[in-house]
Amino acid sequence: MAENENPATAANSNAATETPLLSVKHLRKAYGDHEVLKDISFDVPRGKVFVLLGPSGSGKSTLIRCLNGLETIQGGTIEFKGRPVSGTEKEWRKLRTEIGMVFQSYDLFPNLTVAQNILLGPTKVQKRDKSEVEPQMDRLLADVQLSEYRNAYPRELSGGQKQRIAIVRALTMNPELMLFDEVTASLDPEMVREVLELMLRLAKEHMTMIVVTHEMEFARRVADTVLFLENGVILERQSGEDFFTHPATDRARSFLDSMS
Ligand code: ADP
Ligand code: MG
């Protein structure tokens, strides 16, 4: 909220009237003849958590990659803060720094220390001063109890630690939207929790997030909205509460049964 905004106006500007942070309209994505996403539309208001669920191959990862401009699209529009995501390369580079993304495989540079990995984006891409970024990095590392690994190399970290560093690295860019694609899928069970807890905390701090996950307990706790995908279409769009207590379709019901 702008500082000079008067409280009466602010109270009226609820999520329904605000421009959504992300707006997807009639998105189509195909690989050759294979249509992977068919007429996908949804809006993500600021501060909300959307969880994408659906069977393997339903198009979740493809959708996430489209949102981050990593894929060309065959139809429809994706707007972030009212600006098209599929703009020129230059526009896109700026936009991408505002959308953080973490994948299943921790993509830290093995030849750089934790600190060097984290500082790379803010200093090289965002051209921020190292002296300004470092205190922020140190705060975030302390938050995730990894300060002592500041000068360690990725190989010295566990999978769960690497994923938390990958998340910290994305957060140090001050993103307004975070995309998570199965970030705990390749972790040992005992490391899953520490990563999920970090994501739960981000949700509590009102980070806008789109999350693909197989962790149903977590999904249930974190989801404001669930989008259930099958064969590239949104089969259900429900509040997290409704989806998990009474899914509307047999497909979603059997999906939930298969996950429990
Ligand atoms: P999910 O993440 O839900 O498991 P994906 O988005 O990975 O699903 O895949 C959706 C469909 O798109 C699958 O049929 C998959 O085989 C296909 N697909 C994904 N990536 C590619 C690609 N680079 N080239 C061709 N087909 C792809
Ligand atoms: Mg996937």
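**Thr-213**

Helices (H or I, at least four residues) and strands (E, at least two) are DSSP runs numbered from the N terminus. The model is a predicted one: local features need pLDDT of at least 70 and side-chain atom pairs count only at pLDDT 80 or more, while totals for chains, interfaces and linings use all residues. Residues are numbered from 1 along each chain as its sequence is written, and chains are lettered from A and ligands numbered from 1 in the order in which they are written.

Is Thr-213 buried or exposed? Thr-213 is buried, because 23 other C-beta atoms lie within 10 Å. The cut-offs are 20 or more other C-beta atoms within 10 Å of a residue's own for buried, 12 or fewer for exposed, and partly exposed in between, with C-beta atoms placed from the backbone. Leaving out residues up to four places away in sequence, I noted that Thr-213 touches Val-51, Glu-182, Thr-184, Phe-218 and Ala-219. Contact here requires C-beta atoms, placed from the backbone, within 7 Å. I also checked Gln-104, which is 109 residues from Thr-213 along the chain; their C-alpha atoms are separated by 9.9 Å.

**Six-strand sheet**

I traced an open sheet of six strands in the order S6-S7-S8-S3-S9-S10, with mixed pairing. S6 and strand S10 (233-239) are the edge strands, each with a single partner strand, so one side of each is left without a neighbour in the sheet. The twist averages 15° from one strand to the next. Helix H10 (residues 250-259) packs on this sheet, where H10 touches S3, S9 and S10, and the direction of H10 makes about 75° with that of S10. Axes are lines fitted to C-alpha atoms, for helices over the stretch in contact, and angles run from 0 to 180 degrees between N-to-C directions. Two strands pair if DSSP finds at least two bridges between them.

I then went through the strand pairs. S6 and strand S7 (residues 177-181) pair in the parallel sense over four bridges. Across that pair, Gly-100 stands opposite Met-178 and Met-101 stands opposite Leu-179. S7 and S8 run parallel and are joined by five bridges, with Leu-179 opposite Ile-210 in S8. Strand S3 (residues 49-53) pairs with strand S9 (residues 225-230) in the parallel sense over four bridges, and the bridge partner of Leu-52 in S9 is Leu-227.

How many of the five residues of S7 are buried? Five of the five are, so S7 is largely enclosed by the rest of the structure. Leu-177, Leu-179 and Asp-181 are on one side of S7 and Met-178 and Phe-180 on the other, and both faces are covered. In S6 (residues 99-102), Ile-99 and Met-101 point one way and Gly-100 and Val-102 the other way, and all are buried.

**Four-strand sheet**

I found that four strands form an open sheet in the order S2-S1-S4-S5, with antiparallel pairing. Strand S2 (34-44) and strand S5 (83-84) stand at the edges with a single partner strand each, so one side of each has no neighbour in the sheet. Strand S1 (residues 22-31) and strand S4 (residues 75-80) run antiparallel and are joined by five bridges. The bridge partner of Arg-28 in S4 is Gly-75.

**Ligand 1**

I listed the residues around ligand 1: Tyr-31, Val-36, Gly-54, Ser-56, Gly-57, Ser-58, Gly-59, Lys-60, Ser-61 and Thr-62. A residue counts as near a molecule or strand if its C-beta atom, placed from the backbone, lies within 6 Å of it. Which helix gives the most to this shell? Helix H2 (residues 60-67) does, with three residues. By class I have two nonpolar, seven polar and one charged residues in the shell. Ala, Val, Leu, Ile, Met, Phe, Trp, Tyr, Cys and Pro count as nonpolar, Asp, Glu, Lys and Arg as charged, and the others, Gly among them, as polar.

**Positive phi**

Most residues other than glycine have a negative phi. I noted Lys-127, not a glycine, with a positive phi of about 55°. Lys-127 is in the loop between helix H4 (114-125) and helix H5 (130-143), and is exposed, with 7 other C-beta atoms within 10 Å. Asn-174 has a positive phi near 55° and sits in the loop between helix H6 (159-171) and S7. Asn-174 is partly exposed, with 14 other C-beta atoms within 10 Å.

Note on methods: Contact = placed C-beta atoms within 7 Å.
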